[in-house]
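User: Please take me through this model by question and answer. Keep it brisk.

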Amino acid sequence: IGKAFASSITLVFWISLGFAFNGMYKMVSVYFFYLEKTKQLAIISFTSAIINVLLNLWLIPMYGILGAALSTMTAMFTQFLFTWIWSSYYIKMPWFKRLPQ
């Protein structure tokens, strides 16, 4: 990339990590559609959007565009985390069961 864009290379990691969490959210959110519990999904999405706005208001004045990238990554992580926790309440997954020996 050109020298004019070299300073933005630090943003790529945070934005990529945010979209990785978004992909994980999309993998887990299908359980809600299967169970027809989309109201819970809407609550999680709305909460994540509020978290993103609040973090943007707090981090952008301090860090500029990096603050926007960090707040978006954090909101996408919380969206995935809440969806994963709530979906494990409805469908028991084998993630933390002991393997037979």
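User: Leaving aside neighbours within four places in sequence, which residues is threonine 78 in contact with?

Analyst: This is a predicted model, where local features need pLDDT of at least 70, side-chain atom pairs count only at pLDDT 80 or more, and totals for chains, interfaces and linings use all residues. Residues are numbered from 1 along each chain as its sequence is written, and side-chain values use heavy atoms, with hydrogens and water left out. Threonine 78 is found in helix H3, residues 65-90 (helices are DSSP runs of H or I, at least four residues, numbered from the N terminus). Contact means heavy atoms within 4.5 Å, and beyond its sequence neighbours threonine 78 contacts Ser48 and Ile51.

User: Is threonine 78 buried or exposed?

Analyst: Buried means under 20% relative accessible area, exposed over 50%, and partly exposed in between, with a 1.4 Å probe and protein chains only. Threonine 78 has 13% relative accessibility, so the residue counts as buried.

User: Which helices do the buried residues of H3 pack against?

Analyst: The buried residues of H3 include Leu70, Met73, Met76, Thr78 and Phe80. Their packing partners are H1 and H2.

User: How many residues make up the largest nonpolar core?

Analyst: A nonpolar core is a set of buried Ala, Val, Leu, Ile, Met, Phe, Trp, Tyr and Cys residues joined through side-chain atoms within 4.5 Å. Among the members here are Phe21, Leu41, Leu59, Met73 and Phe80. Helix H1 (9-35), helix H2 (38-63) and H3 each give two or more residues to this core. The core's total is 12 residues.

User: How are the rings of phenylalanine 80 and tryptophan 84 arranged?

Analyst: Rings of Phe, Tyr and Trp (its six-membered ring) pair if their centres lie within 6.5 Å; planes under 30 degrees apart count as stacked, over 60 as edge-to-face and the rest as tilted. The whole structure holds 5 aromatic pairs. In this one, the centres are 6.0 Å apart and the planes lie at 10 degrees, so the pair is stacked.

User: What separates phenylalanine 80 and tryptophan 84 along helix H3?

Analyst: Phenylalanine 80 is buried at 13% relative accessibility, whereas tryptophan 84 is partly exposed at 28%. The two are 4 residues apart in helix H3, so their separation is about one helical turn.

User: Which class does the ring pair of tyrosine 89 and tyrosine 90 fall into?

Analyst: Tyrosine 89 is exposed at 60% relative accessibility, and tyrosine 90 is partly exposed at 26%. Their ring centres are 5.3 Å apart with planes at 70 degrees, so the pair is edge-to-face.
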